Structures are given as structure tokens and as C-alpha cells.
Amino acid sequence: MSIALPAGRFAGIVAKVNAFLLIAFILVAAFLGLVAYKQGWFVHQSPVHFVTVNALGINKGMPVKLHGFTIGSVNDMELAPGGVDVRLVIGSEYLGRIPQDSLARHAREAGVIGASVIDIVPGKSQVAIAEGAQLSFEPARGINEIIDEFRRQAIPAFNEVKAAMTQVGRSGEDVTQILENLRKEVAQLPATHRAIRQLVLEASHATADLSQQAGATLKAVEKVAATVAQTIPAVSEKLVGSIESIDAAAVQLKKTGEEAQLTLRSARPLMEHSEVAAREAGDVLGAAKRVWPLSDSFKETSDGMLPIDSFEAEGKGRSR
Amino acid sequence: MRWLVVALIFLASGCGGGKATVSASSTSLAQSRLSQAETRAAGFAKSGDYQNAARQYGEALRIATTLENADAIAGNAINLSVVQQWLGRDADARAALDAVLADPHTAFSERRKVQAELRRAIVELSGGNIGAAVIWAGQAQSRCAATSCEYAAAILNVRAQIELDSGRAAEAAQLASGAAERSRSSGNQAETANALRTLGRTRHAQGQSAAALEPLKAALEIDREIGDPRKILADLADLSRIADAAGNAAAAKDYRERGLAVSRAMNGGRGAPEASLTR
């Protein structure tokens, strides 16, 4: 049985297939070229190497960096007399930047942690390294070595801190004493406060009383003065006038005397009040004297102490 | 005066803020108990209840020791020794002072040390331990001279009594005169009277009975002014004895009867121990 195909259906099919295959080939070739370019296959690279007694941590493909910039990678490693021969490939264009006395060291990008790299530490020579040359190698420091170095640097500082703390410890007694004294003084502040408030209150009362009494005294004195002022002209007039007027003046003087007597009598309670006020002020001052900080201002011995009296030295039979 | 008022108002305003509240709350319970015990002890001593005063001073001393409060320790120890001596317990009075004198670790002030040493000299002399009294009085005087303390007259009086009890009346008279001068200049009436009393006794001991009456009368006047019956009794007893020695029997009898009246009154009218009036 045969199937009849329409005429012209596959006309030019060979050409189309060939065109497809060509495009596919070009795309694959472009991709491979791109990969090769990215891998640096088109860059000319120069081999250098170093020998290490211990290649732990060094792997193929590990970046090689100069001043933190990637200039190559670890290409190969193989056992060699005295350790492991590690081969690096470095972009030829960078060889001129690496002096002859440079060294390679195994490092991490962020100190103790981070990706491992081979770091090229440039030397001071003016001559650049040659292709295939051998570099000196400085192995990476382990955590123990880092700690040891830290210890070496920190021990003097720790010793100084220790000495300072010992010094503080020795002066601790003084500080404690100062704090203790301070605490005592602070503890006495409330009593001081109360006593001073009381003192101020009583002083204000005493002052008010005194001012009132002084006012009364002043009025009395004014009264006497006014009376005298009125009396003296009358007396002088009557002395000049006649003997009758002398009698009248005498009567007037007698009256004035009585008023003066009354004034003195009224002044007596004032004096007594003043005495009481003075005594109260004395008591208040006495209280203030016993209270810090005023106590230091008064040289008095009565600080709650019973009298230290030499009379007590007398024998019992003699005095009691 | 004005500056003082201004300063006080300033201080009061300064203490009146929130800090005072904080301080008040920071006063410890032990500190409060110490203050209360001291106040109670002073009250008992003032009212003549020496048993309770001694108990309270002992309590205050104990609390002050727990607080390591050197000044309070010394103050209460000295007060306790005074009260114990009033109670006739010389050994306890001496032991109380050990809290200050036998403690080399606590930093007592020089003033407290002088007080304690003087008190110890007084206790020792009262008990007839003249040798110990000489040592303690000497220490007190050295310390007092170095710090110009207010107990110079009392120390001189104690030393005068020591000399008198040791039979050296001339030295005693010299010291008593010095004590009288010192106490007069400092306005200490009690020690002035003590000095005059000792001076009268030294003159009597030197055979100058007539001359001895004058300082004793002066001492009696001061003691009456102060109002201490024990001293009045001592003055009357000395006056009676010395007036008798001076040949003035009537005056001696008068002083003796006055002394007996004082003595009876001191003992609540139960009859007086007359030994002091008949020595």
C-alpha cells in the first residue's frame, strides 16, 4: 500500500536542514568561545611556583592575589623533595608587577575566617619575577599561633592592668573609709534638716514677737515724747507767767510722771517677753550647735556627753 | 549675725529638697536604734535612774560597735563609765573604757582619746590606784597639750589630787592654782570649784588652816551656784574639819550641821552617812 504525498511538499528541505545545523553550530561555538574567554583561555598566562612543607588548605583553582586583586590561580600541585610543589598561573601582564624577592603566603580574605587565597607580598627588588621562577612561601598561621601572638602582645598590657588593680585594691581601704564617713554625714542630714527648719521657724516667730514688742515700745516712747513736748512749753509759759502757773505745771509734771510710770510698767512684760524669746533662741541655737554641720562652728563640749568631772576622782569616803 | 541667718536659711533651703527625703530613707534601722538608746540613756541619767541609764548606754555601745561608728563607741563607752562609777562599780567603769583604750584598730579622735584617758585616771584615782592614775593622767595631759583640748583644767585638777594623795602638798597647791587659772579663763565653773577645793585641802595639809578656809568658801559658793549637792556636801565637810583645826569650833559646828542637813536630804531624810563630815 502506498500513500500519495502532495507534490512539492518537501521541496528545499535539505537546504533548510543545513541552515538549521549551521546556526546551531555557530551558537555552540559562540558559547564555547565565551566560556573560554571567561576562563582566560585567550589570556597568556605564566607559570611560577613555590614549595611548601605542608599544603594543607591549598587547593587547585585557589585564587592568587596581588594587593587583593586576582592575578591568577593555583594550577597544579605535586609532591616534591621537601614538601609539595605548588604551581601557579599568573597573567603574564602582571609579572612585571611582582618583584623578584616577593613571597607567596597562604592567607584568608578576612583574617581568621574567609576564603583562602594565595597572597603575593611584593618585595623591594627593582627586577620583576621571571616566568617559571620560584617564590618563597610563608605558610598560613594557625589559630594557636594567632593566639600565641595575641598573648605575646597582650601580656604586658594585662600586667599593667593587674598592677593598676592592685594599686586600686591597696587604696580600697581609704575609699571605703571615705565612703563610710560620707555615709555617716549623709545619715545626719535629715536631723540637720529638721533642726534647721525648727530653728528657722522659731527664729521667725521670735523675730515676729520682737518686732511687735519693739513696735509697742516705740509707740510708748513716742507717746512719752509727745507728752513731754506738750508739757515743756506749758511749763515754761507758766514759769514766766505766775506762781499759779508753777502749781499747774507741777500738777502737769506729776501727771507726766504717772504716765511715765505706766509706760515703764507696760515695758516690763516686754522685757520679760524679750528674755523668754532670748532663752528660746538660746535653746534653738543649742539644738543647732549639736547638729552637723553647725556643730563644727561652735566649740562646745556638750555633745550628749555626761560631764567628765575631776570631782569624781575623789575617794568615795571623802565626797559621798 | 545677719550672715549667720542668711547662711542658715540657705542651708535650710538646700536641705529641704528631694535629697533630704532620700537621706531620710537611707538612715538605717540600727542608726535609729542607736539614737533612741542614747536619748533614753541621757533621760535616765538626768532623772537619776543610773541603773537604766547604764543599761541603755551599754545597748548604745553595742549598736555603735555593730555600726563601727568610732565616735559613738567612744562617747557611749565614756558615758557608761561615768554612770558605772556613779553606781559604785569601779571595775565596770574601768572595763567600759577598754572599748576605747584597749582597741588599737578603731580610729578614735584625739578628743575622744583624751576623754577616755582622763576618765580612766579619774576612775583609778577614785579607787586609790595612784600609780595607774599618774600614768593615765600623764597620757591625757600629753595628748591634750598636743591638741589644745578643753580638759586641761580637769587634768591639772586630777594631777593635783594625785599629788595631794601622795603627800606632796606643795606640788598639789601649784597644780591646783594652775587648774583654777585655766578653768577661770575658760569659764568652767565646776573645775574652778574643784581646783579651789583642792587648793583649800593642800593649804590645810601644809598647816595653813586659816588660809585654807577662803578657797573652800569660794568653792562652796560656786558649787551652790552650780547646784551639785555632792560637791556642796564635800565643801561643808572640808570647811567643818578645817574650821575646827583652825580653832573656830562654832563655825565648824555650823558647817557640820549644814552638811548633815544636806546629807540627810540627799538620802531622802533617812539619816545621813556622817563619815564625810567627821573625817
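# Exercises on helices in a predicted model

Among contacts in chain B between residues at least 6 apart in sequence, 50% join residues at least 24 apart. Keep in mind that the model is predicted, and enjoy working through the exercises below.

## Exercise 1: Chain B as a whole

Find how many helices and strands chain B has, and what share of its residues is buried.

*Solution.* Start with the secondary structure: chain B contains 15 helices and zero strands. Then turn to burial: of the 279 residues in chain B, 44% are buried.

## Exercise 2: Helices H3 and H4 of chain B

Work out how H3(B) and H4(B) are oriented to each other, and which residues bring them together.

*Solution.* Step one is the geometry. H3(B) covers residues 29-47 and H4(B) residues 50-66; their axes come within 8 Å and cross at roughly 160°. Step two is the orientation: angles over 145 degrees count as roughly antiparallel, and H3(B) and H4(B) are therefore roughly antiparallel to each other. Step three is the hand, and this crossing is left-handed.

Step four is the contact itself. From H3(B) the residues include B:Leu34, B:Ala37, B:Ala41 and B:Phe44, while those of H4(B) include B:Tyr50, B:Ala53, B:Tyr57 and B:Ile63. Sorted by class, the contact of H3(B) with H4(B) has twelve nonpolar, three polar and four charged residues.

## Exercise 3: Helices H10 and H11 of chain B

Do the analysis for H10(B) and H11(B): give their angle, orientation, hand and contact residues.

*Solution.* H10(B) spans residues 169-186 and H11(B) residues 189-205; they pack at an angle of about 160°, with axes 8 Å apart. H10(B) and H11(B) are therefore roughly antiparallel to each other. H10(B) passes H11(B) in a left-handed crossing.

On the H10(B) side, the contact includes B:Ala169, B:Ala172, B:Ala173, B:Ala176 and B:Ala180. On the H11(B) side, B:Ala195, B:Leu196, B:Leu199 and B:Arg203 are among the residues involved. By class, the contact of H10(B) with H11(B) divides into ten nonpolar, five polar and three charged residues.

## Exercise 4: Helix H1 of chain A

Decide whether H1(A) is largely in the open or buried, and compare its span with the expected one.

*Solution.* First, the span: H1(A), residues 13-38, has 26 residues and reaches 38 Å from first to last C-alpha, close to the 38 Å expected. Next, burial: the number of buried residues among its 26 is zero, so H1(A) lies largely in the open. Finally, look just after H1(A), where A:Gly40 adopts a positive phi of about 80°.

Technical notes:
Residues are numbered from 1 along each chain as its sequence is written. Chains are lettered from A and ligands numbered from 1 in the order in which they are written. This is a predicted model: local features need pLDDT of at least 70, side-chain atom pairs count only at pLDDT 80 or more; totals for chains, interfaces and linings use all residues. Axes are lines fitted to C-alpha atoms, for helices over the stretch in contact, and angles run from 0 to 180 degrees between N-to-C directions. Helices (H or I, at least four residues) and strands (E, at least two) are DSSP runs, numbered from the N terminus. Angles under 35 degrees count as roughly parallel, over 145 as roughly antiparallel, 65 to 115 as roughly perpendicular and the rest as oblique. A crossing is left-handed if the near helix is turned anticlockwise from the far one by less than a right angle, and right-handed if clockwise. Two residues are in contact if their C-beta atoms, placed from the backbone, lie within 7 Å. Ala, Val, Leu, Ile, Met, Phe, Trp, Tyr, Cys and Pro count as nonpolar, Asp, Glu, Lys and Arg as charged, and the others, Gly among them, as polar. The expected span of a helix is 1.5 Å times one less than its number of residues. A residue is buried if 20 or more other C-beta atoms lie within 10 Å of its own, exposed if 12 or fewer, and partly exposed in between; C-beta atoms are placed from the backbone.
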